[in-house]
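Hi,

Here is the structure I said I would pass on. My notes follow below it.

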Amino acid sequence: MNFKGTLPTLILQALAEEPSHGYRIAQRIKARSKGVLDFKEGTLYPALHKLENEGLVASYEGVEQGRTRRYYRITKSGKAVLTKDRSEWRELSRAVTLILEEA
Amino acid sequence: MTARFETPLDSWIGRATCDLSLDSAAQVRAEIVEHFESARETAIVAGTNAADADRAALAALGDARAVNCQYRKVLLTSAEAKMLREGNWEARAVCARPWLKTLMQAIPAIPLAVTFVMLSRGEAAGARLPFLASLALFMFLAGPFLPVYTTWRGRVYRAAKWAALIAVFVLAFGADSLKYFWLIASCLWIPIWTEATRMSIRRKLPVAQWPKQLYL
């Protein structure tokens with residue numbers, strides 16, 4: 001399903017649950033949407049860099065199973081943006097549902 | 001001589017990092033290889049054979065050219081990295097030679113002095129051009145010596161610089177400004193290109209990493 005534009009919000013939501021590395025973020029989004037949101041994983045990293053440039057996520061190096069990996073965590077401003085995005089999405093979703101149910 | 005065997009992943013990364021700076025390309029390579037290895041391991045643990053796991057992990061990454069387009073919007077390109085590396089040579093040259101700094105500060109004063117001389121002779125119309133030249137030179141040459149090295153002050157300085165430059169052309173050409181737009185654009189394409197590149201770099205670098213030239 002095409003969910004262009006919502007990937008940054010989904011990444012922020014995944015990171016609000018716990019700091020994570022890129023692969024796990026991608027798997028979490030796919031699993032939580034029960035496979036409906038199937039995106040090309042290469043696009044995840046440019047989105048992560050953009051969020052990092054905007055100060056919404058921060059990255060650090062961590063070790064998992066003996067391998068050094070780059071982890072990302074949500075920042076304070078990232079949490080504020082996520083709260084705003086969440087309420088905007090609910091409003092939009094409610095409006096679209098109203099229209100579609102009328103048809 | 002040893003021939004280097006290029007794997008499909010190498011070639012994917014090569015396309016995804018096209019035109020990126022060396023540092024950005026190394027960063028992309030590290031994160032994509034890490035991602036690919038994780039996807040491959042997961043598939044193998046789930047019972048897929050190694051060749052199929054490789055293919056699936058690569059396919060999951062998507063189109064390398066589309067990814068490259070997105071990377072170029074958020075990571076430094078080779079042209080931007082070059083500008084950061086070499087673009088500050090004027091500032092370094094000025095800092096290394098105090099007489100050059102004095103000269104640069106004095107240059108706008110020369111047309112300003114001419115303006116005053118012309119005004120004292122009653123040539124008000126003729127004084128307009130040296131005055132405008134003085135203003136334009138001041139905006140470009142005085143920038144590095146002004147206290148503009150915070151985000152907001154930098155923004156104000158850049159806005160003032162471009163507003164002054166446009167005003168100079170409008171005042172110099174008067175009603176013919178639009179007619180001579182091609183001349184203005186061809187004279188200004190280097191500063192415009194520099195400004196556009198700096199704007200792109202500002203979006204990509206955290207403020208803490210900005211060199212002085214990005215504030216100007």
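What percentage of the 103 residues of chain A count as buried? The figure is 28%, with buried meaning that 20 or more other C-beta atoms, placed from the backbone, lie within 10 Å of a residue's own.

Some housekeeping: this is a predicted model, where local features need pLDDT of at least 70, side-chain atom pairs count only at pLDDT 80 or more, and totals for chains, interfaces and linings use all residues. Residues are numbered from 1 along each chain as its sequence is written, while chains are lettered from A and ligands numbered from 1 in the order in which they are written.

Back to chain A: the order from the N terminus is α-β-α-α-β-β-α, with helices (H or I, at least four residues) and strands (E, at least two) taken as DSSP runs numbered from the N terminus. Its C-alpha trace spans about 55 × 30 × 20 Å along the principal axes.

On to the interface: 13 residues of chain A are in contact with 19 residues of chain B, contact meaning C-beta atoms, placed from the backbone, within 7 Å. On the chain B side, helices 2 (22–45), 3 (50–61), 4 (64–74) and 11 (181–204) each supply at least two residues.

Within chain B, the axes of helix 9 (residues 124–141) and helix 10 (residues 151–173) come within 9 Å and cross at roughly 160 degrees; axes are lines fitted to C-alpha atoms over the stretch in contact, and angles run from 0 to 180 degrees between N-to-C directions. The two helices are therefore roughly antiparallel, the word for angles over 145 degrees.

Cheers

Key: Two residues are in contact if their C-beta atoms, placed from the backbone, lie within 7 Å. A residue is buried if 20 or more other C-beta atoms lie within 10 Å of its own, exposed if 12 or fewer, and partly exposed in between; C-beta atoms are placed from the backbone. Angles under 35 degrees count as roughly parallel, over 145 as roughly antiparallel, 65 to 115 as roughly perpendicular and the rest as oblique.
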